[in-house]
Amino acid sequence: MSIFSVALTGLNAAQVGILTTNHNIANTSTEGYNRQQIIQSTNTPMFTGAGYIGQGTNVLTVRRIYDQQLNEQVLAASTGAAEMDSYLAQIGQIDNLLADPSAGLTPALSSFFSAVQEMAANPASIPARQGMLSASQALVARFQSIDQRMTEIRSGVNAMVTSEVTAINSYAQQIAEINERIILAQAAGPNQPPNDLLDQRDQLVAELNTKIRATTITQSDGTYSVFIGNGQPLVIGTLPYSMKAVAAPDDPERIVVALTSPNGSSVYMPESMLTGGSLGGLIAFRSQSLDDAQNALGRIALTLAQNFNDQHQLGQDLDGDLGGNYFDTSLMGATIRSNANNVAPAGTVTVAISDYGALTTSDYRLTSNGGGNYTLVRLSDNAVLVNNAALPATIDGMAISVAGGPAANNSYLIQPTRGGATNLALAIGNPRDIAVAAPIRTSAALANTGTGGISAGTVNPSLPLDANLRQTVTITFTSATTYDVTGTGTGLPATGLTYTPGDDITYNGWTIQINGAPAANDVFTIERNSAGVADNRNGVLLGALQTKSTMEGGTANYLSAYSTIVAQIGNKAREVEITGQAQQSLLEQAQSTRDQLSGVNLDEEAANLLRYQQAYQAAAKVISIATTLFDEILALGR
Amino acid sequence: MRISTSMIFDTGVANINKQWSQLLHLQQQVASGRRILTPSDDPVAAARALEVTQSSDILTQYATNQQNATSALGLAETQLTSLNDMFARLKELTVQAGNATLSASDRQSIAFELRARFDELLGLANAADGQGQYLFSGFMGSTKPFAGTVDQLNAVASQEITYDGDDGQRRLQVSATRMLEVSDAGTDVFMRIKNGNGYFATNYAGTNNGSGIIDIGNVTDPAAWNALADKNLSINFTSATTYDIVDSTSTVIASGTYQSGVPIAIPAGGASVIITGAPASGDTFTIEPSSSQSVFKTLANLIGALESGGSSAVESAQYSSEIGFALANFDRANDNILRVRSMIGSRMNELESLDSVNQDLQLQYQQTLSNLQDLDYAKAISDLTRKQTDLQAAQQSFMKISQLSLFNYF
């Protein structure tokens with residue numbers, strides 16, 4: 001070997017060093033780039049009599065500074081942070097919507113009941129009645145607009161699920177392609193790692209993880225296999241699987257994810273498996289917060305409408321007719337969705353709400369087991385409420401029955417409250433039709449000689465009303481302690497009844513009390529409240545519904561039920577926000593740990609640049625000296 | 001520790017971002033004056049604020065209802081005050097009518113004024129509020145409650161004023177637990193008034209030939225009177241100086257010797273009546289349990305007595321009895337009006353105390369609401385200033401650090 005060739009190895013090595021440094025500098029800001037380093041080694045020395053003489057240097061390889069474990073930490077943190085980000089972006093919309101001082105339900109609910117009270121104070125006033133109708137319209141509109149907003153958010157989630165799935169498919173495709181190129185590269189130089197390809201692939205996996213939590217396994221040929229959920233394959237070697245966003249078979253309004261294998265078969269991914277990343281955030285938001293909030297809103301609308309109707313029907317309108325429905329509840333019943341995969345006989349499921357106070361905000365899945373037995377699962381907590389038993393049954397305030405003997409494995413999704421808010425409508429448009437008065441009135445005859453007084457009377461709250469409610473009934477005292485009741489109605493006439501002051505006397509669907517000391521021949525009359533336009537008894541009872549605890553098994557009024565939603569969503573949003581912040585700092589930490597190892601430091605590169613430059617200059621100097629030495633030899637011959 | 005160049009930029013930007021978001025949040029709080037911008041800021045307080053707001057709204061509604069109640073009661077009170085004044089005049093006229101020296105034309109002129117008073121009374125009883133709803137018609141607000149004329153009432157002895165309303169009492173919810181009565185039915189104010197002395201009413205038979213005058217009687221032992229089985233009694237004069245007291249089955253339960261002005265005791269009744277003058281044999285005076293007689297009927301009876309006015313001894317005696325009855329019945333009617341007025345007065349008092357309770361409660365709600373959602377400005381502004389300084393420091397230090405590079409010296 002000559003001085004020239006040894007110097008040349010130095011020159012070459014310094015050149016590779018400068019190139020690598022240059023590559024690092026150029027990629028300082030490249031996402032996912034891991035800094036590269038040359039590994040230099042001495043050439044095999046030459047044995048001479050004087051011992052081993054060094055033969056210069058060579059570059060063994062260019063390696064990337066990379067730690068698999070640190071990278072995985074970053075992936076785990078980033079998928080968590082992305083999930084919380086996407087959850088927070090969605091829940092923030094509801095969070096703002098619900099408690100908005102002007103757009104939330106509270107102001108509309110409040111002005112509605114104010115209008116009811118105002119009308120009860122001026123029962124004969126058409127403007128006050130019109131005011132109540134207008135406030136009712138506003139309440140209906142508010143329920144519908146909040147529900148509409150939630151439906152928009154739901155369609156937004158559907159659209160985003162679809163686009164996330166498209167992005168995931170694209171990543172799967174790209175990872176499979178890079179896998180293929182890595183196989184080719186490895187074949188060309190089995191011992192030399194294709195650093196930049198590896199970086200690119202790691203970056204794709206990192207980006208995939210911001211969409212959905214994915215794990216990778218390195219195969220012997222250097223390829224990555226990518227799995228999601230519980231080990232469902234997304235990429236196997238060079239084969240990408242694809243995900244599909246499709247309408248759920250049991251709920252066409254719900255876009256879910258199915259995994260399609262290369263041979264074309266596809267399976268639905270249960271929502272519990274789709275965790276992490278923005279897709280996981282969307283799915284979790286929909287099932288944990290949106291469904292619940294929309295159902296809870298529907299439940300308030302449903303209960304309010306029903307309670308109001310029930311009370312309204314106990315009253316009498318300005319024209320003396322009995323009250324009808326105030327709200328139109330014909331469309332507000334439970335939504336029952338038959339699974340698209342059901343086979344004949346399909347069967348018919350009927351759900352009637354029997355107890356509004358017992359309704360939950362969950363949806364339910366009813367599955368036929370064949371042979372007239374069914375299984376009913378409450379989806380909020382997966383409680384099995386009917387376990388392979390016969391129907392009808394009354395559960396959670398719903399009377400569920402099935403007709404037509406559905407085939408085994410047919411299933412039905414029952415959403416008792418989902419459509420409550422959107423289908424709310426007003427049933428009356430004429431202010432005269434508001435039933436503010438009570439349909440009966442009572443009087444004591446002027447000729448009475450005793451001191452007995454009769455109460456104003458109340459209508460018993462059981463519907464339908466007794467057909468004889470407004471028949472004239474006369475209570476005649478035959479002595480100070482006994483009385484007869486005459487008139488038309490069940491159990492009438494009744495004679496020789498014993499008088500106890502203050503006891504309820506109930507006939508024909510009304511209840512009255514007589515107090516004091518009536519004398520013999522005293523007469524009390526219960527009759528139709530004709531022309532009772534200034535009577536507000538039913539109006540006052542309608543107004544009292546505002547604070548009556550009719551929901552959650554008689555523990556909550558409408559507003560407290562609503563504030564429960566607000567608190568739930570608020571708490572969830574807060575939880576997501578805080579978890580998101582924690583994930584974010586975890587991510588920052590993991591990233592900085594990784595960057596400490598793998599990131600490019602320009603000062604370091606500047607130093608390296610100087611180092612290799614000087615090495616190059618020195619090697620060049622050696623060549624120049626060698627040339628001088630050679631010239632010395634040549635000069636000898638002159 | 002090894003630092004990569006991107007870390008300097010990433011960390012710097014991330015920190016500045018964090019500062020910005022905190023600063024923005026503070027700025028929004030200061031700009032809106034609200035501590036809770038979205039429920040997630042403080043879910044428990046946000047939900048509680050909704051409930052307190054509802055309670056406060058309901059209280060505001062109660063305050064409105066209280067005003068409505070006050071104005072309705074005030075209106076009724078005004079009518080009843082006028083009625084009270086009118087009774088004073090009616091009694092004055094009745095006393096005047098009782099003056100034995102009045103000529104027939106004097107009686108006519110009193111009757112003439114009383115007829116005018118009758119119309120005024122009818123007007124008061126048919127009073128309506130600003131929205132045309134009658135005050136004293138019970139639930140039947142659009143129905144004019146009272147109808148009738150003096151002549152109609154006097155045509156048949158048992159004819160009462162026509163009442164087209166009902167017994168209903170309008171109520172308003174003036175607090176969470178109180179439904180306040182804001183109207184009184186016409187029957188209660190004008191009609192359900194016991195005649196006579198409140199226990200029984202006396203009368204003379206139209207066929208009496210003597211000049212006996214019966215007073216309204218007096219009950220000294222109400223328990224005994226109430227316990228009396230047969231309260232429909234007659235005092236039959238068997239001669240000018242003797243009488244029998246008979247019950248409704250014409251059984252004689254007592255007899256006595258008549259002396260003008262000496263109370264005649266009702267056996268076991270705890271009561272007595274006084275007859276004055278000179279009743280003739282065969283004259284009958286009756287005692288019946290009091291029944292309701294409207295103030296209209298009382299007034300019409302008086303007018304009838306004034307207008308029928310003969311001057312014979314018998315007619316004078318009947319006239320004197322009628323004046324006595326009228327005075328008693330006006331007293332009872334006045335008592336009834338006063339009873340209603342005092343009820344209205346106590347309801348208005350209750351409204352006033354409810355109003356102050358309401359205001360205290362409202363203040364508490366506002367306080368609670370303010371504690372729940374209002375911003376502590378002093379703290380927020382100091383926080384804002386501090387954050388501003390923090391952000392500036394972060395920005396400046398970032399600018400300084402990011403400019404450091406070995407390449408600067410190449």
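In this predicted model, B:Ala268 sits in chain B, in the loop that runs between β11 (264-266) and β12 (271-273). Although B:Ala268 is not a glycine, its phi is positive, at about 60°. Because 14 C-beta neighbours lie inside 10 Å of it, B:Ala268 counts as partly exposed.

A residue of chain A can be set beside this one. A:Asp396 is likewise a residue other than glycine with a positive phi, in this case near 50°, and its place is the loop of chain A between β18 (393-395) and β19 (398-403). There are 18 other C-beta atoms within 10 Å of A:Asp396, so this residue is partly exposed.

Chain A also contains cis peptide bonds. One of them joins A:Leu463 to A:Pro464, with omega at about -5°, and A:Pro464 belongs to the loop between β24 (458-459) and β25 (473-477) of chain A. Another joins A:Leu492 to A:Pro493, again with omega at about -5°, and here A:Pro493 is found in the loop of chain A between β26 (482-487) and β27 (494-498). The backbone features described up to this point are gathered in the table.

| Feature | Angle | Loop |
|---|---|---|
| B:Ala268, positive phi | phi about 60° | between β11 (264-266) and β12 (271-273) of chain B |
| A:Leu463 and A:Pro464, cis peptide bond | omega about -5° | A:Pro464 between β24 (458-459) and β25 (473-477) of chain A |
| A:Leu492 and A:Pro493, cis peptide bond | omega about -5° | A:Pro493 between β26 (482-487) and β27 (494-498) of chain A |

**Chain B as a whole**

Chain B has nine helices and 14 strands. Its radius of gyration is 41 Å, well over the 22 Å that the globule rule gives for 410 residues, so chain B is more spread out than a compact globule. Taken along the principal axes, the box filled by the C-alpha atoms of chain B is roughly 150 × 45 × 30 Å. Of the 410 residues in this chain, 35% count as buried. Among the contacts in chain B with a separation of 6 or more, 70% are accounted for by residues 24 or more positions apart.

B:Val174 gives a local view of this chain. It is located in the loop between β3 and β4 (179-181) of chain B, and it counts as buried because 26 C-beta neighbours lie inside 10 Å, where 20 or more are needed. Leaving aside residues up to four places away in sequence, B:Val174 touches B:Tyr62, B:Asn65, B:Gln66 and B:Ala69, and also B:Leu180, B:Leu351 and B:Leu354. By contrast, B:Pro279 is 105 residues from B:Val174 along the chain, and the C-alpha atoms of these two residues are separated by 60 Å.

**Where the chains meet**

Across the interface, 51 residues of chain B are in contact with 58 residues of chain A. On the side of chain B that touches chain A, at least two residues are supplied by each of α1 (5-32), α2 (43-97), β3 (171-173) and α5 (186-191) of chain B. The element that gives the most to this side is α2(B), with 14 residues. By class, the residues on this side of chain B divide into 19 nonpolar, 24 polar and eight charged.

**Packing within chain A**

Helix α3 (residues 105-121) and helix α8 (residues 558-598) of chain A pack with their axes 11 Å apart and at an angle of about 175°. An angle over 145 degrees counts as roughly antiparallel, and α3(A) and α8(A) are therefore roughly antiparallel to each other. The contact is made by A:Leu105, A:Thr106 and A:Leu109 on the side of α3(A), and by A:Tyr558, A:Leu559 and A:Tyr562 on the side of α8(A). Sorted by class, this contact has five nonpolar residues, one polar residue and no charged residues.

Chain A also holds an open sheet of four strands, in the order β5-β6-β7-β8, with antiparallel pairing. Its edge strands, each pairing on one side only, are β5 (214-218) and β8 (239-240) of chain A. Five bridges join β5(A) to strand β6 (residues 224-228) of chain A, and these two strands run antiparallel. Within this pairing, A:Thr218 stands opposite A:Tyr224 in β6(A). Helix α5 (residues 195-211) of chain A packs on the sheet, where it touches β5 and β6 of chain A, and its direction makes about 155° with that of β5(A).

How values were computed: Residues numbered from 1 in each chain as written. Chains lettered and ligands numbered in written order. Predicted model: local features only at pLDDT ≥ 70, side-chain atom pairs only at ≥ 80, totals over all residues. Contact = placed C-beta atoms within 7 Å. Nonpolar A, V, L, I, M, F, W, Y, C, P; charged D, E, K, R; others polar. Buried ≥ 20, exposed ≤ 12 C-beta atoms within 10 Å, placed from the backbone. Rg over C-alpha atoms; globule rule 2.2 N^0.38 Å. Axes fitted to C-alpha atoms, helices over the stretch in contact; angles between N-to-C directions. Parallel < 35°, antiparallel > 145°, perpendicular 65-115°, else oblique. Pairing = 2+ DSSP bridges.
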